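Good morning, colleagues. I would ask you to look at the structure on the screen while I go through its fold, its core and a few individual residues.

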Amino acid sequence: MPKIMYIVSSVKLHTINVSNGLTVMEGAVQNDIPGIDADCGGSMACATCHVYVKEEWFNKLQKKEDGEEDMIDMAYQPNKLSRLSCQLTVSDELEGLTVKIPEKQA
Ligand code: FES
């Protein structure tokens, strides 16, 4: 079960074991990580699961599907490392993935 690191408010690091097949968003919600509200339940319609991916991980992730970029534009302070955590499916390859939750969301 891969470990996913969630950084909240730039200081608090939560290390969570997330089952393969779940999304990074689901790992956060199931473990009460603050700042991932996931209002739409993962259907890419809310951007409340927005995270910044640690730079060294960004190019290792699944590519964005159509529509993710548009939804990221509606997120709070998106940048080049932004992803929707509901679109990131956990697998062994993501062991150690680190994502930061935007401060205003947390
Ligand atoms: S949970 Fe709504 S866009 Fe990810």
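This is a predicted model: local features need pLDDT of at least 70, side-chain atom pairs count only at pLDDT 80 or more; totals for chains, interfaces and linings use all residues.

The secondary structure of the protein chain consists of 3 helices and 5 strands. Following the sequence, the elements come in the pattern β-β-α-β-α-α-β-β.

Let me turn to overall dimensions. The C-alpha atoms occupy a box of roughly 30 × 25 × 25 Å along the principal axes. Among contacts with a separation of 6 or more, 64% join residues 24 or more positions apart.

Next, the surface. The accessible surface of the chain is about 5700 Å², and carbon and sulfur atoms contribute 47% of this. The chain carries 10 positive and 16 negative side chains, with the centres of the two sets 8 Å apart. Of the 106 residues, 45% count as buried.

That brings me to the interior. In soluble globular proteins, nonpolar side chains tend to be buried together. Here, the largest nonpolar core has 31 residues, and those touching the most other members are Ile4, Tyr6, Val24, Val53, Leu84 and Leu97. Two or more residues of this core come from each of strand E1 (3–8), helix H1 (24–30), strand E3 (50–53), helix H2 (55–58), helix H3 (68–73) and strand E5 (98–101).

Which residues does Val24 contact, leaving aside its neighbours within four places in sequence? They are Ile4, Tyr6, Ser85, Leu88, Val90, Leu97 and Val99.

I now come to a residue in a loop. Gln87 is located between strand E4 (82–84) and E5. Is Gln87 buried or exposed? Its relative accessible area is 17%, and the cut-off for burial is under 20%, so Gln87 counts as buried. Beyond its neighbours within four places in sequence, Gln87 contacts Gly42, Met44, Gln62, Glu65 and Glu68.

Finally, two alanines deserve a word on backbone geometry. Ala38 lies in the loop between H1 and E3, and Ala47 is found in the loop between H1 and E3 as well. Although not a glycine, Ala38 has a positive phi of about 50°. Ala47, also not a glycine, has a positive phi of about 70°. Ala38 is buried, at a relative accessible area of 13%, and Ala47 is buried at 7%.

Thank you; I would welcome your comments.

Key
Residues are numbered from 1 along each chain as its sequence is written. Side-chain values use heavy atoms; hydrogens and water are left out. Helices (H or I, at least four residues) and strands (E, at least two) are DSSP runs, numbered from the N terminus. Buried means under 20% relative accessible area, exposed over 50%, partly exposed in between (1.4 Å probe, protein chains only). Contact means heavy atoms within 4.5 Å. Accessible areas come from the Shrake-Rupley method with a 1.4 Å probe; for residues, only the protein chains shown count as cover. Lys and Arg count as positive and Asp and Glu as negative; His and the chain ends are not counted. The place of a charge is taken as NZ of Lys, CZ of Arg, CG of Asp or CD of Glu. A nonpolar core is a set of buried Ala, Val, Leu, Ile, Met, Phe, Trp, Tyr and Cys residues joined through side-chain atoms within 4.5 Å.
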